[in-house]
Amino acid sequence: MNKKHINIYDAINSLPDELITPEIYQAAIKEANIKLLNILPAQYMTDENINYILDHSKQHYSFNTFDLASIPENARTQKVCDVAVSKSLNNYFKVPVEKRSVHMLGEIMGSAHKHLHYLPLVPETNWNTELALAGIKSIYSSASNSSSRYNGRFSYSSGTSDKKLEMKLIQILLAYVPGALKTKAFYFSLFSTNMEVKHIDFLMPTKYKKKDYYMEVARKNIHAVPKNKLDYDIFKAALLSEKNSIYDFFDKDKQLKEPLFEIMDNTVADIIVTRDPGKMGELPQKFWKKKRLILALQHEKSGHNVKQIYRKFDINKFDDDICRAIAVKQEYECPQFPPHIWTQSFIDFCMENCQSYYWFKCMPMELQTQELVNTIIEASISKIMYVRGELITYNMAVKAYKEVDSWNGNHKLEEYIPKHYFEDFVFETGLPKEFFAGKTTYNNVREKRGNYTYCEIGNCYIGFFVDKDGRNEMNRLIMTRRSPMSLKPTIVFSRMVGTFHKTWFEKMIADSDPQFEKPVPGKGLKGKQINPYLDVKQIETIEGTKIYAHSLLGINVLFTAESNDHEYEAESLSGLKEQMSYMLRKQLKIHETATVDSMKENLIVRQEAV
């Protein structure tokens, strides 16, 4: 039978008083339901019972509470009062004066806009600067967003965004803050809150509105400073504050630019370009100094904005130091530096410190060297468009030709590749120019079938490509051969591929090349032929494992080997041997591990026998 759960508190609430025995009350106390303190008879309201319920209650973090008025006054200890107020601020009215603590005032200030009616009860000694400021923050942040209505001495109802109401409530709060706490430092601490300057100014006593006050106003919002208070110190304080946008000081509508320029000195100018380097060109020309221009460049965080810094200056008058500062920061576009800047020292500096290489476009082409070009093209192939033609190597040309627009398939850098590379390729292979940069292996052509890829087999070039006829696309295989009588290979065939079966590649060659002869495996090799169009020969034996070479058109294109446990296949003999070596090392390691484990087991057995 399941044990029936009994809530003794609910039972006491339901039973007539004459049926509730002392044993039931004691059981209820042991249950430690905090709501029991509302109905427990006076004779059971001992410190021991009350503390037991408070210490053992599981409802401290629930909405369940108790009325402090139910507790006899002589039992309202500090602990009982603290718990009662933390459960419900309404209990604050029943807390003995001497028990009203700083902690309780903190509870009130946490949502002061709702609890101003408790302030007449707060002992003056409970107040401190931190709590008063917390109450102000609470009202300023929360009161205007409340839709509740409160009755009593300070009854009010708040709508949305009613700052006038908030300021009235803050004034009420300040009326209860002891005068000794309302110091200059206390009012100045309002600048650390999110309170608008106009509301701080409303609360600030007139006697504190001196020079240091307006400097604090300037740090928070320069526009809130009266025009007749603007001076050097005010501007400097405002400029150093991140709360003020530098843009506002130069906006004609803000009417700050003229008075700012009147008080400007080198210190102020440096502050401006440090915070907003783009304002360098908007300073009065007497502040257009080399050191300040470099300072602005050093503080610019975005390469997009570097040009904005020097756009009003004559670049032809820039010296080495300024040009170095520009080159380091320039991430997208570099200006045309004057010719005398391009010394070997400057080029070396750029190579070491400006490795986005945007400056390379502006460097005089006659200063390019093969070593420099090799380094830059290795890092950024797009820079090939600025390289002198004679310094573009074949490998660079291949890398550049592989740069293709994904949306239309066009070769983005083709126009910058010297034409002789294409002419030489066509003459060398007999393939169309489009195959340039498409060289790969036999296996890649037949398996991956990349568009305009080809392999070289002996004196033949065999390529795969996708041909287009209007909207139709056709897969094609093309083959060229160089004969002893001609320097340029001629086309053997160019045929459409029907299906991609296991031997499609070799079969098309066999069917289309008049010189192809189907191989006949030697004695004992028939079972080793992996493809009927590939010849097979045993070429060597390693550790008892025979290695076979498979050839097409008389050229070895694949290598295989087979042991008792493993099969190997590779496009090169060295690759096959590396596979076999790796497997041998792996097997030896497994054998060594097994041997060591066996030796350990034998040792344990011997020790146990002894």
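A second, separate core of 21 residues includes Val445, Phe464, Phe505 and Tyr533.## Model and terms

This is a predicted model, in which local features need pLDDT of at least 70 and side-chain atom pairs count only at pLDDT 80 or more, while totals for chains, interfaces and linings use all residues. Residues are numbered from 1 along each chain as its sequence is written, and side-chain values use heavy atoms, with hydrogens and water left out.

A nonpolar core is a set of buried Ala, Val, Leu, Ile, Met, Phe, Trp, Tyr and Cys residues joined through side-chain atoms within 4.5 Å. Buried means under 20% relative accessible area (1.4 Å probe, protein chains only). The largest core has 146 residues. Phe66, Trp127, Phe249 and Trp359 touch the most other members.

Strands are DSSP runs of E, at least two residues, numbered from the N terminus. Two of them pair if DSSP finds at least two bridges between them.

β7 is joined to β8 (residues 545–552) by 7 bridges. Ile542 has Thr545 in β8 as its bridge partner.

β4 (residues 460–469) and β5 (residues 472–481) run antiparallel, joined by 10 bridges. Cys460 stands opposite Arg481 in β5. The two strands form a hairpin with 2 residues between them. Gly470 in the turn has a positive phi of about 70 degrees.

β5 also runs antiparallel to β6 (residues 490–496), through 6 bridges. There, Thr480 stands opposite Ile491 in β6.

Note on methods
Buried < 20%, exposed > 50% of the residue type's maximum accessible area, 1.4 Å probe, protein only. Helix = DSSP H or I, 4+ residues; strand = E, 2+ residues; numbered from the N terminus.
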